[in-house]
Amino acid sequence: MKRYLFAAAALLLAPIATARAETVLNVGMAAADIGQIDPHRATSTQDKPVVSWMFNGLVRFKPGSASLEALEPDLAESWEKSADGKTWIFHLRKGVKFHGDWGEMTAEDVVYSLKRAGDSKTSSFAADYSVMESIEAVDPYTVKIVLKKPIPALLGLVANYHGGNIVSKKAAEALGADFRTKPVGTGPFQVVDYKSNESLTFAANPAYFRGVPKIDKIVYRFIPADASRDLAFSSGELDIVYGRQDQRWVERFSKEPNTVVEVVKPAELSILHLNTTMKPLDDKRVRQAVAYAVDRAQIAGFKGASTAVPAISVVPSGYLGTDEQAKLYPHDIAKAKALLAEAGYPNGVTIKVIQTSLPTMLNSMQIVQSQLKKAGIDLQLEVVDHQTFHARIRKDESGAVYYAAARFPVADVYLRQFFHSAATVGTPTAVTNFSHCAVADKEIDAAAIEPDAAKQKDLWKVAQAKVIDDVCAVPLYEQLQVWARKTNVDYGYEFQGAIHLGPVVTELTNKK
Amino acid sequence: MSASSSARRNTVASRALRSPGLAFGFVVVVVMIVAALIAPWASPFDPDAQDVMLVLSPPDTTHLFGTDAFGRDVFSRILWGARISLTVGFLATAVGVVIGTVIGVVAGYYGGVIDRLVVAATDVLLSFPQLIMGLLLVAVLGASLTNLVIAIAVTAVPAFVRLARGSTLAMRERDFVDACRSLGYSDLRIMFLHVLPNILDELVVMASLWLAAAIRTESTLAFIGLSVPPPTATWGGIVREGFDNLLDGPWLAVFPSLAILAVMIGLNLIGDGLRDASDPRAPQ
Amino acid sequence: MTATPPPLVVEGLTTSIRLDGRLHHVVRDISFEIRAEETLALVGESGCGKSMTALSVTGLLPPIASVTSGRILVEGVDMVAASEKTREDLRGDRIGMIFQEPMTSLNPVLPIGFQVGEALMRHHGLSKKAARERARELLELVRVPAAAERLDAYPHQFSGGMRQRVMIALALACRPSVLIADEPTTALDVTIQAQVLALVADLQKREGLAVLLITHNLGVVASVADRVMVMYGGDVVESAPVKAFFDRPTHPYSQALLAAMPRIEGDGQLKPIPGQVPPLTEMPSGCRFQSRCPLRQEICDRLPEMTPVGGDPEHKVRCWARSE
Amino acid sequence: MFRFVIKRLLVAIPTLWAVLTTVFVLIRVVPGDPTIIILGDQASEAAREALREKLGLAKPILSQYFDFLWQVLHGDLGRSLATNRPIVDDVLSVLPFTIELTLASLLVGAVIGIPLGVLAAERRDGFADWFARIFSLAGVSFPAFVSGILLLMVFSVELRWFPVISTANTADPIERLRALVLPAINLGLLMVAYVTRVTRSGMLKALGEDYVRTARSKGLGRRLVVWRHAFPNVLVPIVTVVGLYLGVLIGNAVLTEIVFNRPGIGKLIVTALNQRDYTLLQGLMVITAFAIVLANILTDLTYGLVDPRVKTS
Amino acid sequence: MNATPLLDIRDLRKVFTTRKGWPIPKVTHVKALDGVSFTVGRGEVVGVVGESGCGKSTVARVALRLMEADGGSVGFDGADVLEASRLDMRGLRRRMQMVFQDPASSLDGRQRIVDALGEPLKVHGLADRSTVRDEVARLLDEVGLPRSALDRYPHEFSGGQRQRIGIARALALKPDLIFADEPVSALDVSVQAQILELLRRIRAEHNLAFVFISHDLGVVRFFCDRVVVMYLGRVVEVGPVPEIFVEPLHPYTRLLKISSPEPDPAVAVAMTFQDGEPPSPTAPPPGCHFHPRCPGATERCRTEKPELRTLGEARSVACHHPL
């Protein structure tokens with residue numbers, strides 16, 4: 001018996017044949033698990049970066065950039081649009097192969113993908129694609145899209161972001177529900193292994209049309225505990241790590257040897273939505289008092305100068321249509337108190353708020369809570385876990401809703417989801433209009449079909465002004481994304497922005 | 001032997017007083033309770049006052065235990081946190097003990113169908129990992145002081161049912177229950193005026209241990225994300241915030257942990273002391 | 001008396017316990033010797049010091065008690081002066097011991113055979129197998145039925161009487177010369193008591209044991225003892241050969257004790273002793289029985305010596321009233 | 001023995017049914033909405049409603065309940081709402097890690113707790129006693145997430161003896177063992193406290209028993225008296241306490257799994273709860289409850305091994 | 001004896017069921033009482049003797065309904081105890097009391113004496129707040145304890161004193177009958193004699209009847225009028241003292257007698273090597289339970305259960321071959 005045991009042990013201990021040294025990139029993410037990696041479903045911070053490694057759009061955001069201005073050809077080599085801006089023709093790159101044995105990418109796949117993105121049964125972004133009248137394959141390498149109305153940012157809809165990612169029709173149809181965990185795209189990397197709650201492993205796509213990736217394997221690890229993740233990066237077990245969006249974190253890691261900390265766009269805008277139908281916030285003066293009581297500079301100060309900036313409008317800065325000079329209420333406690341008194345609350349008001357227990361959001365809310373208290377506004381937080389929070393704010397139960405979000409960088413999306421009456425919570429078309437804001441519907445709708453870019457911007461500006469003036473919401477601060485990497489990691493581009501919220505690993509990315 | 005007659009006089013109370021561990025534990029717990037009571041006057045700063053200039057500053061003479069990520073004084077927060085944490089601990093344990101004991105004594109005393117049902121019910125409750133059960137309950141009820149107390153109490157109930165039932169069964173073996181019955185006492189009188197006082201020792205010992213566990217559970221629930229809403233300070237909440245900033249400000253986790261440690265040691269010493277004191281067979 | 005020295009000699013033994021920082025004598029200056037094949041019965045009520053005497057002899061006193069003076073010679077070796085190692089070597093080898101509670105004196109989780117043979121492994125270096133074989137013989141010796149099959153049984157599978165037999169086998173495993181039996185039959189039914197006493201008497205004869213029998217039961221004393229020592233409050237108050245004792249009990253306590261014993265035969269009358277044993281901390285100086293004694297006089301405040309009764313050097317009493 | 005397990009399982013059926021029902025009810029009353037995770041926060045209410053329909057969440061609650069029971073009866077725990085993978089697969093893929101961690105921490109608890117408790121009982125109120133008590137209490141006073149990080153900082157970052165990121169999920173046994181050490185110690189500290197405590201009080205009792213006096217009367221030395229005669233009698237309370245606290249241990253495994261980033265049931269439960277993946281959560285709770293019921297049966301079996309009074313009568 | 005005895009126990013049966021064993025518990029049945037019958041007259045003291053496990057304590061507990069019987073009847077002063085309602089039982093309990101072997105375990109250690117003895121008085125409305133101290137003091141006086149005992153706790157007393165308290169408690173409700181379960185066997189000889197004297201006095205003063213359970217023949221001889229000898233759940237012999245001990249009819253009674261050591265070297269105990277032990281109550285031998293230990297056992301004894309039959313005046317025996 002003993003002898004057998006010994007033999008077995010020897011077998012087990014025998015060095016596992018080390019093949020040629022693979023280049024493995026270890027990425028640490030602040031999440032317990034992946035959310036969705038079906039590109040048309042992926043919305044959370046941990047999902048978006050990996051989608052960008054696996055998929056292409058007709059066009060793509062320039063790696064390292066989050067700007068709509070910098071779109072470049074991806075699966076489409078060229079495109080043209082009709083004079084009325086309603087018809088777009090895309091000419092596809094030839095010989096692009098899907099991962100594995102799923103064959104060549106053709107116009108049929110593009111049509112399928114865009115239609116899939118526009119179907120609410122398969123996509124979370126269906127609303128964005130409702131503008132497409134028809135999508136058809138003219139020939140295997142040509143796609144024609146006809147719009148119901150001209151929109152300025154159509155290229156954004158066919159970029160490698162959200163619904164613009166192109167999936168394999170054959171794979172999606174054959175795999176059915178399993179496609180959710182084994183999506184098939186054309187990107188430089190493909191999923192090879194998923195260990196739930198632990199990691200996702202990607203292998204290089206040897207047939208990638210831009211060339212064989214220099215990295216052989218990416219291990220994307222889910223490490224929800226901040227301290228554990230940081231320690232793993234410090235000990236060298238991670239090459240790239242998701243950073244905490246906080247000044248001290250940036251400072252600490254900037255001092256570590258062989259470490260580069262990168263603070264990148266887009267910014268997530270934190271807004272306090274005030275429920276205009278609920279007492280006492282149904283009184284505009286009370287809402288104004290809240291607006292005066294908030295000290296945006298101080299919040300940004302707490303969050304740290306290098307990662308947070310005070311908000312400038314109810315739409316994040318840098319979006320197409322953001323009013324960079326919007327007139328926000330200044331910080332003025334005396335005024336706030338006066339307004340409260342005027343509204344009949346000389347002794348202050350109490351606002352019941354449902355608040356998520358998610359630390360970053362809760363921490364920010366605590367600062368707001370303390371600021372409002374100085375003006376006699378008592379925010380009574382009912383802290384619930386994040387999912388309960390999401391469910392309950394959508395049931396219109398909270399007096400105020402603290403919400404942080406980044407969206408597709410066009411003012412329309414933000415305004416439409418948060419401040420258009422159609423999106424009001426409690427209605428069938430509800431999205432995230434927690435304040436029951438309806439003052440700018442006209443401008444938002446008009447801007448959406450306004451072909452003239454300048455006029456459109458004006459409409460958006462008016463809309464923002466109206467929302468601000470009516471105090472549907474009090475914008476607080478904007479939070480940039482923070483990532484750190486070891487110096488031996490070379491992304492292959494300058495990492496300044498990440499529409500995907502994380503670094504895009506391309507064929508050029510390397511680890512020396 | 002004359003020694004034994006003298007040992008008879010060795011009451012639990014007098015023996016307890018002679019145990020240094022128990023006395024020490026008692027002092028520690030009393031100090032903590034006093035600290036909680038005098039927090040409004042004793043704490044040098046407003047526990048909720050934020051100061052952007054003082055974020056995560058290490059301990060110094062002004063801020064004995066340093067400041068947290070909002071620039072709040074950790075020492076003051078620990079003092080104030082003692083109120084909540086001790087309240088949660090004491091209340092949750094008290095509720096758990098009272099409910100568990102009543103059920104356990106009744107089940108143990110009557111036996112039969114009632115007993116089997118009670119045992120089955122505790123089996124069911126004990127089939128869930130305690131912490132997960134607590135977490136689910138808080139998720140269902142919502143995080144508030146009251147709900148936290150309820151959730152922790154519910155996890156304590158089955159343990160006390162088991163203990164009270166077991167002790168009651170043991171008591172029933174003793175003649176005095178029969179003596180009471182032969183004197184025509186009602187069942188209620190026997191259970192709560194005769195059996196209960198005699199099993200109280202063991203219950204108190206276990207309660208002291210559970211008290212400590214309840215305080216720790218509070219911190220654990222805070223870690224997973226559900227505890228008393230901010231800005232209210234609780235020890236668990238501070239530890240949890242400390243964990244977020246462990247690499248930037250370790251004091252933030254260490255001091256409340258030490259406070260928890262002190263209470264745990266205090267309570268456990270009291271528990272041990274009581275147990276030893278109530279065991280007449282333990283050598284002196 | 002034979003030429004060889006008695007296996008057990010106790011000289012001037014005083015044992016004290018510490019209570020609230022003060023020393024109290026629970027055994028005061030007692031001396032006796034037991035010859036081979038002889039049974040000395042130590043009689044008295046609870047708290048008289050008889051068990052403390054037995055525990056002193058074996059060195060198994062509880063931590064609060066200690067021997068404060070005197071000598072205990074087991075086969076000539078002084079247990080008091082010896083090192084703990086020497087005491088351990090003697091215990092179980094030269095001295096065997098059986099206790100009152102057969103239900104709790106055996107380890108519930110170890111097989112009987114092992115427990116009986118363990119002392120042999122410890123003292124005689126027997127192998128496990130040899131010890132087991134010897135354990136079987138011992139169990140047969142104490143008449144445990146089907147001994148061979150019961151070596152692997154556990155104590156709870158035995159009745160009280162059988163357990164006490166096992167205890168006897170265990171105590172005698174190394175063929176000691178001294179057996180200390182502390183109330184060995186008190187917890188047993190009378191019919192079983194008779195069996196066990198008979199067994200001890202038989203083994204004593206076979207092995208030539210010196211037996212120190214601790215008991216409160218004068219009936220047992222009358223049945224099996226050669227000599228009697230009556231203890232009260234830590235003192236020996238009377239010492240006599242068994243026949244002389246029952247013929248002519250002399251100390252007032254001995255007399256009272258006999259008069260208080262219910263008998264099956266006889267007139268069915270009882271004479272209780274008034275009062276009770278004072279607690280250790282309130283013991284009177286001098287004769288400790290004086291608080292309950294009908295013959296009390298002034299002089300009883302001083303402790304009387306043991307003096308012979310009626311010229312019989314074997315029969316001694318410690319009483320001022322009876323020492324003329 | 002096999003028959004015994006089967007019989008005990010049969011006896012446990014009502015318990016398990018009650019467990020299933022409790023799980024079902026509890027999970028239904030947890031507020032929240034799984035569609036947030038699946039659809040993200042930009043989807044409209046209409047889309048969410050459609051998904052709820054599709055997931056069967058819009059069915060009457062009783063019919064959901066019977067579907068659930070029916071499935072479980074067939075050994076089918078359904079599919080995860082979030083990933084659509086069979087739950088049995090998900091659970092089975094992490095179960096070994098939790099079992100491994102739990103057993104290892106029991107071992108840690110025994111290896112440290114038993115000698116500590118015995119020593120404390122022998123040297124009652126002495127230095128060893130105090131050390132044992134304070135050491136074991138310190139272990140439980142620092143919440144597992146704090147002690148875990150401290151362990152990582154010392155042994156992984158400074159000394160580099162063990163990896164920070166758990167490498168438990170590997171075929172290499174050495175690597176797997178290395179990944180187990182720190183988490184087992186971290187979780188084991190809790191068990192150390194309980195085991196030390198019960199060992200100490202058990203030993204105090206045992207050392208005062210008549211059979212210990214018997215053992216001493218045989219001339220046995222301290223070591224044999226303590227370990228051969230007194231200690232085996234303490235095994236029963238130790239097994240009891242281990243059985244009783246297994247639930248606590250499994251619960252606390254959550255924290256250890258999160259901090260050490262180990263795959264495991266506890267972590268999965270928290271994820272499922274956070275994602276309101278009802279079916280997964282249901283499945284996990286069911287499995288956990290079954291595991292605890294099974295562990296209780298094993299505990300009962302163990303009594304037979306450590307206490308002959310149970311085995312032979 | 002009167003036509004209706006005070007206590008009339010008829011064919012009383014009690015089976016204990018125990019589940020023991022591992023891994024699957026084995027169920028065993030012990031017939032603790034296997035058709036026990038006897039009577040106690042007013043003011044009469046009946047001793048019940050036998051060895052441990054013979055069921056003698058069970059008789060008391062079943063008769064007092066501290067345990068439920070599995071058969072038979074218990075008549076008390078004409079009333080059927082086993083069928084009595086809750087309310088009736090309260091009244092009956094007042095008239096039947098019990099004294100336990102171990103006063104330490106039968107007294108609630110948390111109660112002061114005044115409460116322990118005062119509580120039954122209050123519960124049964126025999127005293128109120130103002131009179132209870134005096135009543136209890138009177139009870140203490142009756143059992144020879146000083147008034148200073150009132151405010152002390154049980155553990156402050158010696159075993160003998162505690163037994164006096166136990167007796168006082170039994171007397172509190174002025175019963176007609178006391179079940180005394182080995183009341184003196186835990187006491188030292190000198191104290192035992194004191195308690196026996198006390199019991200004798202009380203009995204005389206109150207014309208109390210006793211069921212006196214004991215294993216000590218000497219004590220029974222001293223205190224009892226009649227004796228019931230039990231063996232493995234059955235009555236084997238009934239007879240008056242001292243005849244039953246002078247001339248036992250059942251071989252088991254004789255064995256008990258000759259095994260009991262007397263403080264007289266001339267009356268040596270019969271130290272027989274009756275190896276083998278009393279048979280297990282879980283599997284009593286068929287026929288006469290005593291036959292395996294009986295020197296005069298015949299084939300009949302091994303198969304046929306002997307019935308209790310009357311022999312001569314006031315004596316009965318369950319033996320095929322009485323001595």
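This is a short tour of a predicted model, stop by stop.

**Whole complex**

Start with everything shown. The predictor gives the complex an ipTM of 0.76 and a pTM of 0.79. Keep those two scores in mind at each stop.

**Chain A**

Select chain A. Its secondary structure comes to 16 helices and 19 strands. Now colour chain A by burial. Of its 512 residues, 62% count as buried. Then look at contacts within chain A with a separation of 6 or more: residues 24 or more positions apart account for 68% of them.

**Chain A and two other chains**

No contact joins chain A and chain C. Their closest C-alpha atoms lie 26 Å apart. Chain A and chain E do not touch either, and the nearest C-alpha atoms of chain A and chain E are 30 Å apart.

**A cavity lined by chains A and B**

The structure holds 19 cavities of 30 Å³ or more. Go to the second largest cavity, with a volume of about 280 Å³. Which residues lie nearest its centre? Select A:Leu362, B:Val228, B:Gly237, B:Arg240 and B:Glu241; these are the ones, in a lining of 22 residues. Next show α12 (359–374) of chain A and α10 (235–244) of chain B, each of which supplies at least two residues of this cavity's lining. The largest share, 5 residues, comes from α10(B). Colour the lining of the second largest cavity by class: 10 residues are nonpolar, 8 polar and 4 charged.

**A pocket in chain D**

Select chain D. Chain D averages a pLDDT of 81, and 96% of the residues score at least 70. Find the second largest pocket, which holds about 1200 Å³ of space. Its lining has 43 residues, and D:Phe290, D:Ala291, D:Val293, D:Leu294 and D:Ala295 are the closest to its centre. Show the helices of chain D that each supply at least two lining residues: α2 (13–29), α5 (61–73), α6 (87–122), α9 (173–207), α12 (235–259) and α14 (278–306). Which helix gives the largest share of this lining? That is α14(D), with 12 residues. Finish by colouring the lining of the second largest pocket by class: 35 residues are nonpolar, 8 are polar and none is charged.

Notes: Residues numbered from 1 in each chain as written. Chains lettered and ligands numbered in written order. Predicted model: local features only at pLDDT ≥ 70, side-chain atom pairs only at ≥ 80, totals over all residues. Heavy atoms only, no water. Contact = heavy atoms within 4.5 Å. pLDDT = per-residue confidence, 0-100. 1 Å grid on protein atoms, 1.4 Å probe; cavity = no way out; pocket = protein on both sides within 12 Å on 5 of 7 lines; lining within 4 Å. Points joined across faces, edges and corners; volume = space filled by probe spheres on them. Helix = DSSP H or I, 4+ residues; strand = E, 2+ residues; numbered from the N terminus. Nonpolar A, V, L, I, M, F, W, Y, C, P; charged D, E, K, R; others polar. Buried < 20%, exposed > 50% of the residue type's maximum accessible area, 1.4 Å probe, protein only.
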